[in-house]
Amino acid sequence: MVVAAALLGVQVSARAETPRALIERLDEAVRQVQAARDGGASLADPGALFPEGEEVDGPAGPIEVDHRSLRAEWQGIPAAGTARRESLERLRHRLLAVRAEIASAGAVARAPSHAWREKLSQVLGRPEFSKAQPGESWRERAMRWLAEKLGFLFPRGTSWTVGRAVGWVLYALAGLTLLVALVVLVRTALPLLTREPRAAPPEAPGAAARPETPESLLGLADARVRAGDLRGASQALFQWTLLGLHRAGRLEYDPALTNREHLARLRADAEVRAAFERLSLQFELAWYALRPPAREEFAVFRAECHRLAGRPS
């Protein structure tokens with residue numbers, strides 16, 4: 001919980017909350033970010049999900065959590081383009097990693113507080129939690145370069161005049177470049193507009209991507225184990241478990257849903273549901289929090305997946 005609190009920032013609390021309530025709000029935030037990334041939906045005001053500050057029960061007592069960093073990243077998502085999708089994906093991974101750490105804190109609530117401080121420094125050192133700082137724009141770099149090259153033409157003490165001259169030179173070069181690009185575009189497009197459309201070549205058999213099956217996912221998990229990629233093997237094995245439960249008629253699997261929503265759809269007794277929740281937590285820690293399991297942990301995870309999906313390990 002201390003890790004999650006530090007990822008969001010520690011400050012003044014607004015109201016007491018349980019870790020479960022915060023996890024539910026993180027799930028809702030993940031759904032909104034996925035909808036914005038995949039369907040172009042607009043993000044709602046984060047105030048309903050994350051107040052500026054709140055108090056959450058942690059393993060060593062109440063933790064004061066400041067959500068201003070998360071709210072700033074949420075509200076700073078670009079309006080369109082590749083930058084928007086990349087920012088949404090980075091925000092989604094941050095939310096999932098925080099959720100996994102909170103769930104992990106609930107499983108080991110008696111751990112000493114210094115252990116969580118050590119985990120905090122490890123998590124904050126990962127590159128996915130460091131935001132790139134805005135650099136100098138291309139126009140500023142071009143202006144500085146031209147000023148350095150053309151500055152010898154002007155006497156000393158005329159920096160303002162040099163700046164204006166460099167600006168006009170830059171605008172002239174930009175206009176000339178745009179004109180040349182437009183001419184090239186027109187000359188390239190005219191033959192295409194006057195040419196008769198050709199029939200599309202027949203699609204080669206087997207060119208379409210094959211849908212994933214439990215068999216292919218199990219083979220992928222085995223191949224990743226042989227390659228030493230236990231994190232990727234955990235992802236393939238957990239997806240194999242979901243598809244196995246779907247084929248057995250015990251779960252309506254939907255890739256767009258979160259693991260918590262799949263748990264709500266799972267038709268099984270309390271013991272099976274508890275096992276599924278444990279597997280979900282281990283998968284989220286390995287995949288979203290970038291914590292590959294040890295070989296002993298993966299062996300237990302694999303045996304539990306096989307047992308849950310109804311196949312001997």
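How exposed is Arg302, going by its relative accessible area? Hold that thought for a second, everyone. Arg302 comes out as partly exposed, with a relative accessible area of 27%. Before I go on, please keep in mind that this is a predicted model.

So what does Arg302 pair with? Its side chain meets that of Asp222 in a salt bridge, 2.7 Å from N to O. I like this pair, as it links distant parts of the chain: Arg302 sits in helix H12, residues 295-309, while Asp222 sits in helix H8, and they are 80 residues apart. Asp222 is partly exposed too, at 23%.

Searching the whole structure gives 17 salt bridges. As a reminder, side chains of opposite charge can pair when their charged atoms come close.

Take Glu28 and Arg31, whose closest N and O atoms are 2.6 Å apart. Both are in helix H2, and because they are three residues apart there, about one helical turn separates them. Glu28 is partly exposed at 28% relative accessibility, and Arg31 is partly exposed at 29%.

Now over to helix H4, for Glu89 and Arg92. Their salt bridge has its closest N and O atoms 3.3 Å apart, and here again the two residues are three apart in the helix, about one turn. Is Arg92 buried or exposed? At 10% relative accessibility Arg92 counts as buried, whereas Glu89, at 24%, is partly exposed.

There is also a network of salt bridges, and it links Glu24, Asp27, Arg99, Arg260 and Glu284.

The largest pocket holds about 520 Å³ of space. Its lining has 28 residues, and those nearest the centre are Arg92, Pro255, Leu257, Phe283 and Tyr288. Several helices give two or more residues to that lining: H2 (19-39), H4 (82-107), H8 (214-226), H9 (230-247), H10 (259-265) and H11 (270-287). Which element gives the largest share of the lining? That is H9, with five residues.

Then look across to Arg302 and Asp222, the pair joining H12 and H8.

Conventions: Residues are numbered from 1 along each chain as its sequence is written. This is a predicted model: local features need pLDDT of at least 70, side-chain atom pairs count only at pLDDT 80 or more; totals for chains, interfaces and linings use all residues. Side-chain values use heavy atoms; hydrogens and water are left out. On a 1 Å grid over the protein atoms alone, a cavity is a set of points where a 1.4 Å probe fits but cannot get out, and a pocket is an open set with protein on both sides within 12 Å along at least five of seven lines; lining residues have an atom within 4 Å of a point. Grid points are joined across faces, edges and corners, and a volume is the space filled by probe spheres set on the points. Helices (H or I, at least four residues) and strands (E, at least two) are DSSP runs, numbered from the N terminus. A salt bridge is a side-chain nitrogen of Lys or Arg within 4 Å of a carboxyl oxygen of Asp or Glu. Buried means under 20% relative accessible area, exposed over 50%, partly exposed in between (1.4 Å probe, protein chains only).
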